[in-house]
Amino acid sequence: MRLFRRRKLHFDLRIGLQTSLAPSGGAAGEPTTASLRVPLPLRVAALIAVSAFLVLAGRLIQLQALRGDDYLQKSTSNFIRERELAAVRGQIRDRSGAVLADNRPTFHVYATPRYVSEATLLRLGRLLKLSEEQREALGKKLQSKRGADASKQLLVAEDISRDQLAALESEKDQLPGIDMEARTRRVYPQKNTAAHLLGYLNLAGPDDLKRGYKHGDSVGRSGMEQRLESKLRGSPGFERFFVDAHGRRKSENELGEMAQLAPQEMRRDPQPGLTAVLTIDLELQRIVEDALSRHASAAAAVVEVESGKVLAMASYPSPDPNLLGGRLSRAEAQRMESDPFRPLLDKVLRETYYPGSTFKIIPALAALEEGLIDPDQKQVCHGRYELGRHVFRCMKAHGPVSLHEALAQSCNVYFYHLAEKVGLERMARWAERFGFGQPMALGLGEASGFVPTLEYYRQHGGFRGGYALNTALGQGAVRASVLQLAMAYAALGNGGKLYQPMLVDRLEKPSGEPVEQFSPQLRAQLPILPSSLERMRRALVDVVADNKGTASTAFIEGLDIAGKSGTAQVRKNRRGESSGWDEKNDHAWFVGYAPSRNAKIAVAVLVEHGGLGGHVAAPTATKIIQGYFDRVSPEHKPRPVAEATSSKLSTTLPASAGAR
Amino acid sequence: MSALRRTWSLIDGPLSAVVAFVIALGLVNLYSATRVAPKGMFSSQLLWMAIGVLLLVGVALLDQQLLKRLAWPGYLGVTGLLAAVLVVGKVVNGSRRWFGWGSFGIQPSELMKLSLILLGAQLFSSDPKDMSLRPWRYALLWHALWIVPALLILKQPDLGTALLCGLLALSVFFLVPLPARIKGWVLTVGLSGAFLIVRFGLKEYQKKRLLTFLHPELDPTGTGYHARQALFAIGSGRLTGKGYLRGTQNHLQFLPEHWTDFPFAVWAEEWGLLGCLLLLASFLFLILWTLHIAAACRDRFGRYLVLGCAALLFWHVSINIAMVIGMAPVVGVTLPLVSYGGSSVLTVMAALGLVYNVSARRYQY
């Protein structure tokens with residue numbers, strides 16, 4: 001380069017020199033007789049011309065030699081347009097392959113403002129059947145784009161019909177600047193079923209654009225769609241094509257050898273997202289949601305006892321995810337937001353409640369395992385318990401009750417005595433062992449709940465004896481989620497194995513080829529004696545099976561259930577405090593597992609403001625359990641006659657078994 | 001036989017060679033540039049070139065006495081035309097430049113360039129004694145003479161041509177033997193005047209052009225779009241170009257109207273830096289050779305005539321290329337022998353005819 005430049009300089013100077021010495025140099029070599037002095041202005045003029053051209057040459061060297069590659073790239077990106085090929089989002093399926101979230105092809109119309117003329121706009125308006133106002137609004141919007149924005153595609157119409165697409169395709173030549181793009185739209189064929197678990201998508205916002213999403217991309221916003229976003233999303237491909245300055249597409253033939261300037265890779269196929277196979281059983285999910293729909297607002301979880309796999313998880317009422325993600329009108333969205341039954345909230349995972357009497361297994365096990373009580377020694381319940389100036393009440397005067405009866409009949413007074421012996425700290429420790437107040441690490445925004453300790457009360461106004469009593473009854477400061485209770489009772493039913501709840505069974509390629517198989521995760525093996533567990537089992541069986549049990553009205557012949565009802569006090573109390581949408585009724589709970597021996601599933605049911613747990617939540621739970629054994633897993637259904645009689649007979653425990 | 005040889009020897013060889021070479025390059029380039037243009041442009045340019053060659057020969061054969069006699073009437077006539085065109089001219093692209101008869105039209109502003117060359121030569125050569133006695137009178141007269149038509153052209157409005165007439169007239173002024181102090185004064189007054197014009201006298205679109213030239217990134221699709229796309233075209237040619245007929249900026253129409261004002265961008269894209277330097281060197285040779293003819297000429301009229309032509313060529317080439325490569329704002333100044341258009345071709349050919357005319361008479365006197 002430098003060599004070349006220098007040579008040119010010499011050439012220029014020689015000409016300049018020759019010119020300034022012109023008389024002797026002579027045109028065409030003719031001898032000149034009279035010598036004429038070359039006037040100074042001419043020499044200056046020659047110098048100016050040479051300098052000016054050197055400056056021009058210098059600029060050309062700068063543009064072409066130094067910045068040439070940069071400009072080549074710019075000129076190339078002028079005529080090579082890139083279009084993203086969207087990846088198909090992975091499906092979400094239930095454990096047996098039923099599709100819970102799917103995709104449907106849809107076509108969007110885009111306009112590049114720079115190329116869209118008035119005539120094109122008129123034609124487009126006719127084909128899309130836009131009203132005059134819509135068309136004018138669109139025209140204004142397109143005209144308002146200036147500069148670089150005028151070259152960017154603008155979404156004009158979403159999800160057009162097949163007929164409209166055909167019409168646009170047939171007149172494509174007369175629609176410069178208008179493009180149709182195939183996209184997919186997420187659909188949820190089961191509508192409201194498992195809506196909270198699945199979640200929904202909506203359009204990428206400014207933050208997503210920073211993370212590598214593009215305008216018009218959909219992003220998972222809640223539930224599995226959000227949790228598995230990176231797996232479901234896939235990676236987009238692209239297609240490159242040639243255009244002229246008016247945006248008209250050019251074939252490679254039309255370009256001839258100019259096409260050689262194009263990059264090697266003109267197309268990259270998108271990589272579809274992975275299919276997520278959940279642990280959910282659609283049949284059971286339907287049974288659960290159907291059972292919950294008898295109530296105004298309720299939630300339930302069913303887990304497999306021996307693995308922690310969540311078989312069903314429902315929060316009622318639920319929205320139709322097909323309508324979420326920006327497709328609701330403002331009024332509808334507002335109505336949903338302000339609905340007292342909170343259809344948008346996942347009450348299984350993201351809300352916590354007082355566990356009420358379902359929590360009594362914790363002080364009971366703490367007392368048994370630490371040898372603080374003789375379980376067969378009876379406490380007399382007069383319906384009230386005094387501690388200092390406070391009076392704690394029971395539902396009725398149960399008379400003398402053992403631990404077994406106290407659990408089956410949910411006697412509060414027995415547990416007041418017990419709580420005084422166990423103390424807050426031991427209860428807190430045992431609650432923590434069963435997962436209460438602990439995060440579940442599902443990545444679904446689930447709540448951890450809360451179990452108070454002495455430390456907590458010291459920091460919040462000081463500890464008083466009554467707090468331990470409250471805690472034993474699952475009131476006060478205790479909060480737990482529906483799924484936490486299901487997991488705790490599953491541990492009770494499987495001999496003390498606390499599992500991590502499992503929602504995703506495996507990831508597969510769209511072809512069905514497995515990519516990742518997940519296995520159950522044991523969180524802890526709880527150090528509980530089998531005899532304690534057996535004692536608990538028998539007591540919990542009598543909750544339903546015994547005539548005096550709190551949930552005896554929910555008894556179904558042939559179902560072997562161990563469970564505990566609970567009534568979380570949220571209605572207006574004596575101090576006039578209440579919470580929730582109904583001040584007359586408490587939250588109703590029932591949590592249990594079935595069969596009581598060799599348990600298969602654990603179930604937790606919460607009915608907001610349902611009233612008494614044993615009367616409201618327990619029948620819903622037994623209906624779910626019955627549905628499971630009748631329709632989902634009949635092979636595990638326990639033989640009815642033998643089990644029912646044996647449980648009735650074994651309600652009183654031989655003294656030797658409980659002696660420690 | 002000897003008569004033929006004598007006639008042949010009157011033709012300036014190097015001048016012919018470089019002019020023929022540039023015309024050839026120009027046509028080759030225009031063929032590529034007009035492939036995406038409306039049909040028939042290339043053949044009409046061929047026609048103009050043929051007419052231009054005839055015009056060149058005609059002008060070269062004219063008697064210099066006749067040229068001298070034509071100078072004043074020509075100037076007055078063309079000035080009259082410039083005044084008339086403002087009233088009855090055809091409006092094309094927002095300015096009144098053309099007298100049109102159907103598809104045929106002439107621009108009197110192009111004629112004014114030639115007329116000024118002729119008038120300058122006549123004015124400054126007619127009476128050297130009188131000029132050395134009263135230099136101020138000649139200087140002021142000359143400036144009055146060019147400013148009037150330049151203002152008329154500015155009124156059309158045609159900034160490029162007005163600017164060119166001014167530069168042409170000033171070049172002649174600085175090349176003729178007037179006292180240096182007068183030239184100094186004129187330079188001072190001229191520069192302050194230019195500043196005032198730029199500050200207060202420009203039309204809105206002209207200001208905008210100037211502004212986008214200074215800040216092209218402000219408006220990539222508006223006024224600065226052409227200039228930016230021209231830069232992409234030139235730069236992307238790199239050392240050896242994309243190859244003839246393979247310029248994407250040209251053939252995919254990212255260079256609008258490139259056959260008139262931006263043919264150099266087409267050339268640069270397809271032939272690269274080497275091609276550009278070749279064209280630049282050819283033009284430089286043409287200009288220096290013209291200066292050389294002027295220096296060799298022992299007759300004042302002939303010398304000033306050729307100097308005027310050299311100035312015309314120099315300013316056309318340097319302003320056009322400078323604006324195409326982003327060193328000057330985009331004003332409509334064509335590239336001699338390369339740009340499309342009858343007016344441009346005929347003006348340049350007539351000017352070259354004058355150069356030949358003077359060159360052929362170098363043995364007389």
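Q: Where does B:P157 lie?
A: B:P157 lies in the loop between helix 7 (135-155) and helix 8 (159-175) of chain B. Helices are DSSP runs of H or I with at least four residues, strands are runs of E with at least two, and both are numbered from the N terminus. The peptide bond from B:Q156 to B:P157 is cis, with omega near 0°.

Q: What kind of model is this, and how are residues and chains labelled?
A: This is a predicted model, in which local features need pLDDT of at least 70 and side-chain atom pairs count only at pLDDT 80 or more, while totals for chains, interfaces and linings use all residues. Residues are numbered from 1 along each chain as its sequence is written, chains are lettered from A and ligands numbered from 1 in the order in which they are written, and side-chain values use heavy atoms, with hydrogens and water left out.

Q: In chain A, which peptide bond to a proline is cis?
A: The bond from A:Y316 to A:P317 is cis, again with omega near 0°. A:P317 is placed in the loop between strand 13 and helix 14 (330-338) of chain A.

Q: And positive phi: what is the value at A:S410?
A: Phi of A:S410 is near 55°, a positive value in a residue other than glycine. A:S410 belongs to the loop between helix 16 (403-409) and helix 17 (412-433) of chain A.

Q: Is A:S410 buried or exposed?
A: A:S410 is buried, because its relative accessible area is 4%. Here buried means under 20% relative accessible area, exposed over 50% and partly exposed in between, with a 1.4 Å probe and protein chains only.

Q: What about B:R238, what is its phi?
A: Phi of B:R238 is near 50°, also positive in a residue other than glycine. B:R238 sits in the loop between helix 11 (224-236) and helix 12 (248-251) of chain B, and at 34% relative accessibility it counts as partly exposed.

Q: Changing topic: how many residues of helix 13 of chain A are buried?
A: Eight of the 11 residues in helix 13 (residues 282-292) are buried, so the helix is mostly covered. They are A:L282, A:L284, A:Q285, A:I287, A:V288, A:E289, A:A291 and A:L292.

Q: Against which elements do they pack?
A: The buried residues of helix 13 pack against strand 3 (99-111), strand 12 (298-304), strand 13 (310-316), strand 24 (601-607) and helix 22 (613-632) of chain A.

Q: What happens at the start of that helix?
A: A side-chain oxygen of A:D281 reaches to within 3.0 Å of the backbone nitrogen of A:E283. A:E283 itself is partly exposed, with a relative accessible area of 32%. Leaving aside neighbours within four places in sequence, A:E283 is in contact (heavy atoms within 4.5 Å) with A:R631 and A:V632.

Q: Which loop holds A:D586?
A: A:D586 is found between strand 22 (562-568) and strand 23 (587-594) of chain A. At 5% relative accessibility A:D586 counts as buried. A polar atom of the side chain of A:D586 lies 2.9 Å from the backbone nitrogen of A:R571. Beyond four places in sequence, the contacts of A:D586 include A:T567, A:V607 and A:H609.

Q: Over in chain B, what does B:L313 touch?
A: Not counting residues up to four places away in sequence, B:L313 touches B:L286, B:I287, B:T290, B:P336, B:V348 and B:L352. B:L313 is part of helix 14 (residues 300-324) of chain B and is buried, at 2% relative accessibility.

Q: How many residues of chain A are in contact with chain B?
A: There are 55 residues of chain A in contact with 55 residues of chain B. The buried area, which is the accessible area (1.4 Å probe) that two parts lose on being put together, summed over both, is about 4,900 Å² between these chains, and carbon and sulfur atoms give 76% of it. A:F53, A:Q64 and A:M258 supply 15% of the area that chain A buries against chain B, more than any other three residues.

Q: Rings next: which residues of chain A form a cluster of ring pairs?
A: The cluster links A:F450, A:Y456, A:Y457, A:F463 and A:Y467. Rings of Phe, Tyr and Trp (its six-membered ring) pair if their centres lie within 6.5 Å; planes under 30 degrees apart count as stacked, over 60 as edge-to-face and the rest as tilted.

Notes: Polar contact = N/O pair within 3.5 Å; in protein donor to acceptor, adjacent residues only side chain to side chain.
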